[in-house]
Amino acid sequence: MIEIFKIIIVALILIGAFLSLVAAFGVLRLPDVYTRNHAASKAATLGVLAVLLGTFLYFYMEEGQVNSRVILGIVFIFVTSPVAGHLISRAAYNSGVKLWDKSVQDDLKLKETTPVQKKQ
Amino acid sequence: MKTNDLILQTTTKVVLFIIILFSFHIFFAGHYTPGGGFVGGLLTSGAIILLMLAFDMKTVSLILPVNYIYMAATGLLFAGGTAAGALLFNVPLLTHAFGHVDLPILGDTALHTATIFDLGVFLVVVGVTMTIIQTIGEDE
């Protein structure tokens, strides 16, 4: 295996693991559901993508097999994980979970109280 | 309050084809790699359940007008038929045959009657899972 690809693969897998760790810290440290969900869905998606890409490159360079299922997994996670985050956040908002008390803006609430904007 | 499922429904329409294709791949690759009828059937019923989550049950039964109990029965018939078919050739029950067949378009194809047995497993798994989900879902 070419040396430079070893470095790229190791870097990809380490970046993926680091991003997953950052996501876990975000879930622990952030104050409310929405910011936690933001950390979890974004950082974990990119982390898993990087790990899968590193796996794909490893098996391609080491054994010469193109594992299309890993590519499919990357596409699948890239499509579904943000949607899952969106659905969890919306379900939390609809069931009345309060925002962090230092939040300054709630556009969704504004839209419900004044359904038709009279301006313009 | 009125909710808007546009994001979920659009994603479902895209993702559904990936899941169905992957389940068929798992089903057909079951002889040489991990997979087979059981996992393929579960993946297919998972795709149908995703459709039921994104849309509602009446819409899904319009798209897929399948009686899942009949589907499970057909699967049992396939499995039993493959088992009993061996008796016609004066060999013990569940003896499978295989060979290379020249098909018109596909060319030289290795065929095995265990695939028909696996298709039976596939249909039974899809049928039973969907029957369970439908029975629980329609209960009010």
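Modeller: Bearing in mind that this is a predicted model, the count between chain B and chain A comes to one salt bridge.

Biologist: OK, which side chains meet in that salt bridge?

Modeller: The partners are B:Asp5 and A:Arg90, whose side chains come together at 3.1 Å, taken from N to O. On the side of chain B that touches chain A, the residues fall into seven nonpolar, four polar and one charged.

Biologist: And how many residues of each chain are in contact?

Modeller: Twelve residues of chain B are in contact with eleven residues of chain A, and the two chains bury about 1,100 Å² between them, with 76% of that area on carbon and sulfur atoms. As for polar contact across the interface of chain B and chain A, the rule finds one residue pair, with both residues at pLDDT 80 or more.

Biologist: How many salt bridges does the structure hold over all chains?

Modeller: There are two over all chains. Besides the one that joins B:Asp5 to A:Arg90, the side chains of A:Glu3 and A:Lys6 meet in a salt bridge at 3.4 Å, N to O.

Biologist: Why are A:Glu3 and A:Lys6 separated by about one helical turn?

Modeller: Because both belong to helix H1 of chain A, which covers residues 3-29, and they sit three residues apart in that helix. In general, side chains of opposite charge can pair when their charged atoms come close.

Biologist: Switching to pockets, how much space lies in the largest one?

Modeller: The largest pocket holds about 500 Å³ of space. Its lining is made up of 15 residues, and those that lie nearest its centre are B:His31, B:Ala110, B:Leu111, B:His112 and B:Thr115.

Biologist: Which elements give two or more residues to that lining?

Modeller: In chain B they are helix H1 (6-28), strand S1 (98-103), strand S2 (107-112) and helix H5 (114-138). The largest share, four residues, comes from H5(B).

Biologist: Last one: how do the lining residues divide into nonpolar, polar and charged?

Modeller: For the largest pocket, the lining has eight nonpolar residues, six polar ones and one charged.

Methods:
Residues are numbered from 1 along each chain as its sequence is written. Chains are lettered from A and ligands numbered from 1 in the order in which they are written. This is a predicted model: local features need pLDDT of at least 70, side-chain atom pairs count only at pLDDT 80 or more; totals for chains, interfaces and linings use all residues. Side-chain values use heavy atoms; hydrogens and water are left out. On a 1 Å grid over the protein atoms alone, a cavity is a set of points where a 1.4 Å probe fits but cannot get out, and a pocket is an open set with protein on both sides within 12 Å along at least five of seven lines; lining residues have an atom within 4 Å of a point. Grid points are joined across faces, edges and corners, and a volume is the space filled by probe spheres set on the points. Ala, Val, Leu, Ile, Met, Phe, Trp, Tyr, Cys and Pro count as nonpolar, Asp, Glu, Lys and Arg as charged, and the others, Gly among them, as polar. Contact means heavy atoms within 4.5 Å. Buried area is the accessible area (1.4 Å probe) that two parts lose on being put together, summed over both. A salt bridge is a side-chain nitrogen of Lys or Arg within 4 Å of a carboxyl oxygen of Asp or Glu. A polar contact is a pair of N or O atoms within 3.5 Å; within protein, one must be able to donate a hydrogen and the other to accept it, and residues adjacent in sequence count only if both atoms are side-chain atoms.
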